[in-house]
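Dear colleague,

Please find below the structure that I am handing over to you.

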Amino acid sequence: MKKLSARRRHPLAAVVVLLLALAATGGLYAAFAPASKAQADETAQSLAIDEGKKLYSVGCASCHGTGGQGTSDGPSLVGVGAAAVDFQVGTGRMPAATSQGAQVPRKKNIYTQAQIDQIAAYIASLGAGPATPTKNDYSPEGADIAKGGELFRTNCAQCHNFTGEGGALTHGKYAPSLEGVDPKHIYEAMQTGPQNMPSFPDTTLSQQNKKDIIAYLNAVNGDETENPGGLDLGGLGPVSEGLFGWIFGLGALIAVAVWVAARTAKAKKS
């Protein structure tokens, strides 16, 4: 007993007890902290869904139904995912005007990004769908611009023109210009296929493919881009180029023909 008592009074005994206490505290924190963090994230998500539902009830329910089931004035939103909401609301296409034309145009949006995220969280809670992409998904870093150009010309140029200038479709519809569009919205459009556009899920165009296409569009529409062929005539392709050739090329030929005829007539009179 005396030996045990002497060990307890050893100068290092307090240090050993303190180390054991710190180790126990660390172990308890490691065991319970992740659960606390997950619970906090779940609470934040629930709050976002609740706030999104309030915003949805005011700005969207009149067309899409109180539960997102859709009405005669708007399609169902069950299963469209957060990416579709971020695109449609972020580009100002939604909420749409009451008198819709052949196509809902892009316009200034009326919600902040935080509000858009809340509406997206509520819609995502109605059914699984494409999630809003992260910056790493659409960043041009590590992208292959040449491959992106090939993919764009194969899958997109038929409607958007080979440089993304846009083009006309049938019955008053059109493929909008992609110049100046946020890369995130371009990525989301490929994910969800808004309006007349087909969707390109990862099974069709992988995440890397989408990144390559965005990098290509950044390259051809950048302010520093110079056209090696000279004047690009708006980048609209054979229509504007053919019109230019018809008016100025044929006009020049007619002018030369008139000049030659006038000179010939003058020479004969002389």
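Helices here are DSSP runs of H or I with at least four residues, numbered from the N terminus. The model is predicted: local features need pLDDT of at least 70, side-chain atom pairs count only at pLDDT 80 or more, and totals for chains, interfaces and linings use all residues. Residues are numbered from 1 along each chain as its sequence is written, and side-chain values use heavy atoms, leaving out hydrogens and water.

Helix 9 spans residues 183–192, and eight of its 10 residues are buried. After helix 9 comes Gly193, with a positive phi near 65°.

Two aromatic pairs were counted; rings of Phe, Tyr and Trp (its six-membered ring) pair if their centres lie within 6.5 Å, with planes under 30 degrees apart stacked, over 60 edge-to-face and the rest tilted. The rings of Tyr56 and Tyr122 have centres 5.3 Å apart and planes at 50°, so this pair is tilted. Tyr56 lies in helix 2 and Tyr122 in helix 5, 66 residues apart, and both are buried. The rings of Phe152 and Tyr216 have centres 5.6 Å apart and planes at 40°, so that pair is tilted. Phe152 belongs to helix 7 and Tyr216 to helix 10.

Yours sincerely

Note on methods. Buried means under 20% relative accessible area, exposed over 50%, partly exposed in between (1.4 Å probe, protein chains only). Helices (H or I, at least four residues) and strands (E, at least two) are DSSP runs, numbered from the N terminus.
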